[in-house]
Amino acid sequence: MAVLFNLFLLSFFTTIATTSLATTSPTNSKPKRLVTKLIHHNSVYSPYYNPKDTIADRARNAIDSSNARFDYIWKKIQGISLDTNDVRSGVIAEIMRTGFLANISIGSPPVPQLLFMDTGSSLSWTQCQPCTHCFTQTLPIFNPPESATYSSVPCHSPKCDRQVPGINCQGPRCGFELQYGDGTSVSGFLSTDTITFETSDEGITLVPRLIFGCETDLIIDRGTLGGQVSGLLGLGAEAISFASQLGSKFSYCFGSVWDPEYIHNQLIFGEGAKREGFVTFLEIIGSFYYIRLVSISVGEKMLDISPNVFVLEEDGTGGVIIDSGATLTSLPEAALNPLKAEVLNLLSGIVPYIGMRHSSPCFKGVIDRELAGFPVVTFNFANGVDLVLDVKSLFYEAGPNAFCMAMTQSKAANLTVIGVLAQQSYNIEYNLAEKSISMQRIDCALLE
């Protein structure tokens, strides 16, 4: 499967290299539609794909990494130090087991990089030479002196915004230091360079002077990093993120997380971001995106859940975060219990119940067979926007003849985190300037 992945990258980056030779100078106009193909961790095109992994193995990774992600989000919201031993995994290690990878190129000439996508982080960073401590990557490590368009950001520059967590001054240069929940820390220097993206017409666009982090020192508390990954693609709302720098709009579409052959996952930046469906309110706090959930229904039945359960309080607690890092969805007890009760009621006497896992019920059987005709679960948001979960988004296969509900109980009072499984087969567009978000159920292939 490594051959498939290498062929995938070779095709993409050969196009970039060939086209960039014909480009005399980067354009200063804002790109209209910058498209980045997304590769899921479980894809046959991923460098982390392991054909020996069973369904249960992938499910176990999804559960562990989601729980770690929820811990990380809660601690970040609370402002608790992330350099603690009680958090099993942070952003990097967690996303590496279940997240999406995006391919871009940096510099002139362009050097290919593969970054993990994260809506919960703002600064994008990649490994750079000289690197004091780096993890192994097969793609070339970016070497700033070899790029004709590279610049470091000086401390006196407005781009060195020390109001953004992690940004600091290191002598004359603007630096950064980020800590993650597993004890991993990355540090280096804020930089600008030309970034190369695909376009919707299968060409490329060069975007000059984008800000990113050149990571030169990485400390790993436990575990190892490696393979093809180069760093992190931050899609948070702070001004330093690629999302903000590229027009304050982006959209993504996720297909089936469990289908290793699926190739239509995509991320679009700027004016070309696809707005489909109705629009609802988006609230931005730090790097996180909050949306206003009003109720949850199963089929035509509205569950007995107080709307206060989903309210974002003035002190920053509670609320509903939409996230690209967690696979499962985390609900407060007051919301999860009514949903569990309704699911158990509908399946009682029909599908054998085999126990609880991560606070949610599990059953004996196969999803497609046992859940034929099962009603959809709908997250009803403000302004009439609905996120509809079919059985493939509400449940996951936990083994050859078992499946569980893809929800877990939140450890934080009234905090909801909507994960990737719930967002399957949806195009979701973020408009940071308008503070709005749209959702439309669609086959991602139709957007190409």
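The talk below goes from label to value, one term at a time.

Modeller: First, the ground rules. This is a predicted model, where local features need pLDDT of at least 70 and side-chain atom pairs count only at pLDDT 80 or more, while totals for chains, interfaces and linings use all residues. Residues are numbered from 1 along each chain as its sequence is written, and side-chain values use heavy atoms, with hydrogens and water left out.

Biologist: What makes Arg 60 and Asp 57 a salt bridge?

Modeller: The term asks for a side-chain nitrogen of Lys or Arg within 4 Å of a carboxyl oxygen of Asp or Glu. In this pair the closest N and O atoms are 3.0 Å apart. That is within 4 Å, so the label holds. The structure holds 11 salt bridges.

Biologist: How far apart are Arg 60 and Asp 57 in helix H2?

Modeller: They are three residues apart in H2 (residues 55-78), so about one helical turn separates them. A helix here is a DSSP run of H or I with at least four residues, a strand is a run of E with at least two, and both are numbered from the N terminus.

Biologist: Why is Arg 60 called partly exposed?

Modeller: Buried means under 20% relative accessible area, exposed means over 50%, and partly exposed lies in between, with a 1.4 Å probe and protein chains only. Arg 60 has 40%, so it falls in between. Asp 57 has 24% and is partly exposed too.

Biologist: What about Lys 301 and Glu 342: buried or exposed?

Modeller: Lys 301 is at 45%, so it counts as partly exposed. Glu 342 is at 11%, which means buried. These two form a salt bridge, with the closest N and O atoms 2.9 Å apart. The pair links distant parts of the chain: Lys 301 sits in strand S16 and Glu 342 in helix H5 (residues 333-347), 41 residues apart.

Biologist: Which residue does Glu 370 form a salt bridge with?

Modeller: Arg 369, and the closest N and O atoms are 2.9 Å apart. Shared partners also join Arg 69, Asp 118 and Asp 323 into one network of salt bridges. Arg 369 is at 54% and therefore counts as exposed. Glu 370 is at 22%, so it counts as partly exposed.

Biologist: How do you know that strands S15 and S21 pair?

Modeller: Two strands pair if DSSP finds at least two bridges between them. S15 (residues 293-298) and S21 (residues 377-381) have five bridges, in the antiparallel sense.

Biologist: What is the order of the open sheet of four strands?

Modeller: S16-S15-S21-S22, with antiparallel pairing. Strand S16 (301-302) and strand S22 (386-389) are the edge strands, as each pairs on one side only.

Biologist: In which sense do S17 and S26 pair?

Modeller: Parallel, over four bridges, with S17 covering residues 319-322. Ile 322 stands opposite Ile 418 in S26. From strand S26 (residues 415-418), Leu 415 and Val 417 point one way and Thr 416 and Ile 418 the other, and all are buried.

Biologist: What makes a space a cavity?

Modeller: On a 1 Å grid over the protein atoms alone, a cavity is a set of points where a 1.4 Å probe fits but cannot get out; lining residues have an atom within 4 Å of a point. Grid points are joined across faces, edges and corners, and a volume is the space filled by probe spheres set on the points. The count comes to three cavities of 30 Å³ or more.

Biologist: What is the phi of His 358?

Modeller: Positive, about 40°, although His 358 is not a glycine. Most residues other than glycine have a negative phi, and most peptide bonds are trans. His 358 lies in the loop between S19 and strand S20 (360-364). At 14% relative accessibility, His 358 counts as buried.

Biologist: Which residues does a cis peptide bond join, with omega about 5°?

Modeller: Ser 108 and Pro 109. Pro 109 lies in the loop between strand S2 (100-106) and strand S3 (111-118).

Key: On a 1 Å grid over the protein atoms alone, a cavity is a set of points where a 1.4 Å probe fits but cannot get out, and a pocket is an open set with protein on both sides within 12 Å along at least five of seven lines; lining residues have an atom within 4 Å of a point.
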